[in-house]
Amino acid sequence: MAVPTLLVLDAPGQDPGPRLGRLTGRAAVLHTDGPGLAARLPAADVLLVWDPTSDAVRAAWPGAGPRPGWVHTASTGVDRVLCPELVASGTVVTNARGIFEEPVAEYVAALVLAMAKDLPRTLELQGRRQWRHREGLRVAGSKAAVVGAGPVGRAVATTLRALGVTVAVTGSRARPGVHGPEQLRRLLTRADWVICAAPLTESTRGMFDAGAFGLMQPSARFINVGRGELVVGSDLVAAVSKRWIAGAALDVFDREPLGPDSPLWDVPGLIVSPHMSGDTVGRLDRLGEQFVDLYELWAAGRPLRNVVDKKRGYVPLHD
């Protein structure tokens, strides 16, 4: 009996690829890059999107021929994969929930501490051999608004609470422990820290604009570890440059990698990092192991974990 065909969309320059040794003899594994995806897609029973930065699936999916019954992306966000034709199809989409939440939360905590204690300025002054005493901020007792009630947002909230921060979480709807979107404006006016960990959907795109930044306190700081398109970049630059808010940190951008001519590099009070908040040593092994575990469920005809609600664009909380 023929084994299922597993097609892997490789990440350019990333070595090693997924470790799939446990699937030897249980799957016919094919590899492709973005340009070759459309030609190979009809032959695949399963598609593993190992390159989470690629838009190749959205470009190739509407083409002719059969389509895989299951697509797994090695990322939390699925906005680079979903297209109307995939959403309307019967194909199941899963993501890498469970891999990145704690590392992202640790990164957010590091940024909060770094900004509160003015560590970027300390390192800058050290490089100049200048002794300049300053006073830092207390983190314990401060207030944070975490926008996004998914696994990442909840992990961020838990980690910040461990630092003594009072945290309010907002989501797409109100439920125990989570404020609804109608409360966001009120929470923005009170927060010392605003952390964006929301998924990218049509309702969240551009949600942090001049109006949102204008609601924040002049002492507030903004951190985005969600998606770059959640923020209107020019409005953020204005908010930080004009001191509407005290500072910001961005780990995600609407165009990646960030070009050398981007004005974001030169904004005083803005920390720029290259989409690395969830990336830790050993993550590729963990991502591969997670996919193989899911493949074994799929091959056995058992329900998959981390199933994305394709219309919402994320894995529902109850899953």
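User: Which residue stands opposite H72 in β4?
Analyst: L48 stands opposite H72. First, the ground rules. This is a predicted model, where local features need pLDDT of at least 70, side-chain atom pairs count only at pLDDT 80 or more, and totals for chains, interfaces and linings use all residues. Residues are numbered from 1 along each chain as its sequence is written, and side-chain values use heavy atoms, with hydrogens and water left out.

User: How do β3 and β4 pair?
Analyst: In the parallel sense, over four bridges, with β3 covering residues 46-49. Two strands pair if DSSP finds at least two bridges between them. Strands (E, at least two residues) and helices (H or I, at least four) are DSSP runs, numbered from the N terminus.

User: And what joins β4 to β5?
Analyst: Three bridges, and these strands run parallel. W70 stands opposite V92 in β5.

User: Which way do the β4 side chains point?
Analyst: W70 and H72 point one way, V71 and T73 the other. All four are buried, meaning under 20% relative accessible area; exposed is over 50%, and partly exposed is in between (1.4 Å probe, protein chains only).

User: What covers the buried residues of α10?
Analyst: The cover includes β1, β3, β4 and β5. Among the buried residues of α10 are L284, L287, F291 and Y295.

User: What should α10 span, and what does it span?
Analyst: Its 17 residues should span 24 Å, and the end C-alpha atoms are 24 Å apart, so the two agree. The expected span is 1.5 Å times one less than the number of residues.

User: What comes just after α10?
Analyst: G301, with a positive phi of about 75°. N306 is also found in the segment after α10.

User: Is N306 buried or exposed?
Analyst: Buried, because its relative accessible area is 8%. The N306 side chain reaches the backbone oxygen of R97 at 3.0 Å. That is a polar contact: a pair of N or O atoms within 3.5 Å; within protein, one must be able to donate a hydrogen and the other to accept it, and residues adjacent in sequence count only if both atoms are side-chain atoms.

User: Switching to charges. How many salt bridges are there?
Analyst: The count is 13, taking a salt bridge as a side-chain nitrogen of Lys or Arg within 4 Å of a carboxyl oxygen of Asp or Glu.

User: Which residues are linked with R22 in a network?
Analyst: R26, D293 and E296. R22 meets D293 at 2.9 Å, N to O. That pair links distant parts of the chain: R22 is in the loop between β1 and β2, D293 in helix α10, 271 residues apart. R22 also meets E296 at 3.0 Å.

User: How accessible is R22?
Analyst: R22 is partly exposed, at 41% relative accessible area. E296 is partly exposed too, at 27%.

User: Now the other sheet. What is the strand order?
Analyst: Six strands form an open sheet, β7-β6-β8-β9-β10-β11, with parallel pairing. The edge strands are β7 and β11, each pairing on one side only.

User: Which helix lies across β9, β10 and β11?
Analyst: Helix α9, running at about 145° to β10. Axes are lines fitted to C-alpha atoms, for helices over the stretch in contact, and angles run from 0 to 180 degrees between N-to-C directions. Contact means heavy atoms within 4.5 Å.
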